[in-house]
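Please look over the sequence and the model shown here before reading on.

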Amino acid sequence: MEQVLSASSEAAPFGWRRAADSGLAFRRITDADLPFLARVYASIRAEELAATDWSDQHKAAFLDQQFEAQHAHYQRYYPNADWLVTGHQGRDIGRLYIERWPSQHRIIDIAFLPEHCGKGFGEALLRDLMDEAAAAGKAVSIHVEKLNPAMRLYRRLGFVTEEDKGVYDLMRWSAAGTRSPE
């Protein structure tokens with residue numbers, strides 16, 4: 001069941017105009033959001049696990065364990081990140097995790113439930129994040145799985161592969177005049 005974003009929920013006022021124009025809203029995650037965030041995580045792994053002969057119970061247990069490990073890793077290695085639930089029309093639809101480093105803005109994760117993909121939300125949000133970084137004289141970086149359908153969007157927006165990390169590519173976008181990574 002989707003959690004409803006109430007009017008009293010803390011908004012994350014980042015000034016992301018395109019995202020706001022698309023009807024997106026943001027709030028900081030709480031422990032109560034962990035089941036929803038686990039569902040978002042499971043949805044992005046569904047196609048991968050469909051190829052296994054595991055039972056649904058085994059898949060669910062694996063996904064729970066993997067989500068918990070990912071969440072703990074992110075919290076430990078990105079201590080100053082903004083951990084945000086993305087909402088649309090009062091419903092939680094995804095997650096955005098971003099950390100702003102001196103040399104770049106690192107998108108740790110951006111994901112939407114499948115029924116909310118392909119509607120322009122990701123592009124609007126990415127363009128806002130790119131504008132924010134450019135205004136600060138920084139690049140934007142993200143690790144993207146090589147087979148992620150969003151790879152086309154990243155390339156269209158000007159992200160380039162900086163490093164092959166096996167299953168992932170480390171991608172970077174830099175506006176004209178932004179400094180290179182330190």
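This is a predicted model: local features need pLDDT of at least 70, side-chain atom pairs count only at pLDDT 80 or more; totals for chains, interfaces and linings use all residues.

Residues are numbered from 1 along each chain as its sequence is written, and side-chain values use heavy atoms, with hydrogens and water left out.

The kink in α2 is centred on Ile-44 and amounts to about 40°, where the bend at a residue is the angle between axes fitted to the seven residues ending there and the seven starting there. Helices (H or I, at least four residues) and strands (E, at least two) are DSSP runs, numbered from the N terminus. Helix α2 covers residues 34-50, 17 residues in total, and spans 23 Å from its first C-alpha to its last, close to the 24 Å expected at 1.5 Å a residue; the expected span is 1.5 Å times one less than the number of residues. Among the buried residues of α2 are Phe-36, Leu-37 and Tyr-41, buried meaning under 20% relative accessible area with a 1.4 Å probe, protein chains only. The buried residues of this helix pack against α3, β2, β3 and β4, contact meaning heavy atoms within 4.5 Å.

Three of those partners are strands, so what order do the strands of the open sheet follow? Seven strands are arranged as β1-β2-β3-β4-β5-β7-β6, with mixed pairing; two strands pair if DSSP finds at least two bridges between them. Because β1 (24-28) and β6 (160-165) stand at the edges, each with a single partner strand, one side of each is left without a neighbour in the sheet. Within the sheet, β2 and β3 pair in the antiparallel sense over seven bridges, and Gly-87 stands opposite Asp-92 in β3.

Strand β5 (residues 139-145) contains Ser-141, which counts as buried because its relative accessibility is 0%. The side chain of Ser-141 makes a polar contact of 2.6 Å with the side chain of Arg-106; such a contact is a pair of N or O atoms within 3.5 Å, and within protein one must be able to donate a hydrogen and the other to accept it, while residues adjacent in sequence count only if both atoms are side-chain atoms. Met-171 lies in strand β7 and likewise counts as buried, at 0% relative accessibility. Leaving aside neighbours within four places in sequence, Met-171 is in contact with residues including Ser-141, Tyr-154 and Phe-159.

Note on methods
Buried means under 20% relative accessible area, exposed over 50%, partly exposed in between (1.4 Å probe, protein chains only).
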